[in-house]
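Colleague: I have just opened this one and would like a walk through it, if you have a moment. Could we take a few residues and then step back to the whole?

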Amino acid sequence: MSTDPGAAVFAQRPWFAANELLAFLLELAALGCLAWWGFSTGNGWLPHLLLGVGAPLLAVVLWGLFAAPKARLRPGLPLVLLVKALVLGGGAAAVYGVGHPVAAVLMAIVVVVNTAVAETLRRRKPVAPAGSDGEPTAPAGPRDAT
């Protein structure tokens, strides 16, 4: 049995867990799309290399500073959503930039729905199991023995 409290939340809220997994996959896809766009943009190997590596690297730095669950800086929700829009929306724009407008629109729709669901579900408290008062119970220790 897992002692990780995060695992318990995911077990109690499978839709939350599925949406978080989708969010992670969208983040990876956005990085890949930015790299794809960068490597196919510009003339010559130097612009390809700079944009192909630089665009995803910039996205990773922004995400790590402001939007990651353990971000170095924890700004308010508006700035976090702005960074998510820049990175994830940038991924969709990159798909458009390489000539796939339908895929770009679909990616943008999935990103918006996923982010809206994620922010809604994060604000809801998990429902306590039936017969529980909602308070966590401490494991029985030597002082609890009679």
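Colleague: Where is Asn 19 placed?
Modeller: This is a predicted model, and in it Asn 19 has its place in helix H2.

Colleague: And is Asn 19 buried or exposed?
Modeller: Asn 19 counts as buried, because its relative accessibility is 9% and the cut-off for buried is under 20%.

Colleague: What does Asn 19 touch, leaving out residues up to four places away in sequence?
Modeller: With those neighbours left out, Asn 19 touches Asn 114, Val 117 and Ala 118.

Colleague: OK, on to Ala 92, which helix is that in?
Modeller: Ala 92 is found in helix H4, and it counts as buried because its relative accessibility is 7%.

Colleague: Which residues does Ala 92 touch, again not counting those up to four places away?
Modeller: Ala 92 touches Ala 104, Met 107 and Ala 108. For Met 107, the C-alpha atom lies 5.8 Å from that of Ala 92, although the two residues are 15 apart in sequence.

Colleague: What about Ala 67, where does that one sit?
Modeller: Ala 67 has its place in helix H3, and at 8% relative accessibility it too counts as buried.

Colleague: Staying with H3, how many residues does it have, and how far does it reach?
Modeller: H3 has 23 residues and reaches 32 Å from its first C-alpha to its last, which is close to the 33 Å expected at 1.5 Å a residue.

Colleague: Which residues of H3 are buried?
Modeller: The buried residues of H3 are Gly 52, Ala 55, Pro 56, Ala 59, Trp 63, Phe 66 and Ala 67, and what covers them includes H2 and H4.

Colleague: Why do residues three or four places apart point the same way in an α-helix?
Modeller: An α-helix has 3.6 residues a turn, so residues three or four places apart point the same way.

Colleague: Changing topic, how much space lies in the largest pocket?
Modeller: About 530 Å³ of space lies in the largest pocket. Its lining is made up of 26 residues, and those closest to the centre are Glu 27, Trp 63, Ala 67, Pro 69 and Lys 84.

Colleague: Which helices supply at least two residues of that lining?
Modeller: Helices H2 (14-39), H3 (45-67), H4 (77-97) and H5 (101-123) each supply at least two residues, and the largest share, 7 residues, comes from H2.

Colleague: What is the lining like by class?
Modeller: By class, the lining of the largest pocket has 17 nonpolar, 3 polar and 6 charged residues.

Colleague: What share of the residues counts as buried?
Modeller: Of the 146 residues of the protein, 25% count as buried. The accessible surface comes to about 10000 Å², and 71% of it belongs to carbon and sulfur atoms.

Colleague: Last one, among contacts between residues at least 6 apart in sequence, what share joins residues at least 24 apart?
Modeller: Among those contacts in the protein, 52% join residues at least 24 apart.

Key
Residues are numbered from 1 along each chain as its sequence is written. This is a predicted model: local features need pLDDT of at least 70, side-chain atom pairs count only at pLDDT 80 or more; totals for chains, interfaces and linings use all residues. Side-chain values use heavy atoms; hydrogens and water are left out. On a 1 Å grid over the protein atoms alone, a cavity is a set of points where a 1.4 Å probe fits but cannot get out, and a pocket is an open set with protein on both sides within 12 Å along at least five of seven lines; lining residues have an atom within 4 Å of a point. Grid points are joined across faces, edges and corners, and a volume is the space filled by probe spheres set on the points. Helices (H or I, at least four residues) and strands (E, at least two) are DSSP runs, numbered from the N terminus. Ala, Val, Leu, Ile, Met, Phe, Trp, Tyr, Cys and Pro count as nonpolar, Asp, Glu, Lys and Arg as charged, and the others, Gly among them, as polar. The expected span of a helix is 1.5 Å times one less than its number of residues. Buried means under 20% relative accessible area, exposed over 50%, partly exposed in between (1.4 Å probe, protein chains only). Contact means heavy atoms within 4.5 Å. Accessible areas come from the Shrake-Rupley method with a 1.4 Å probe; for residues, only the protein chains shown count as cover.
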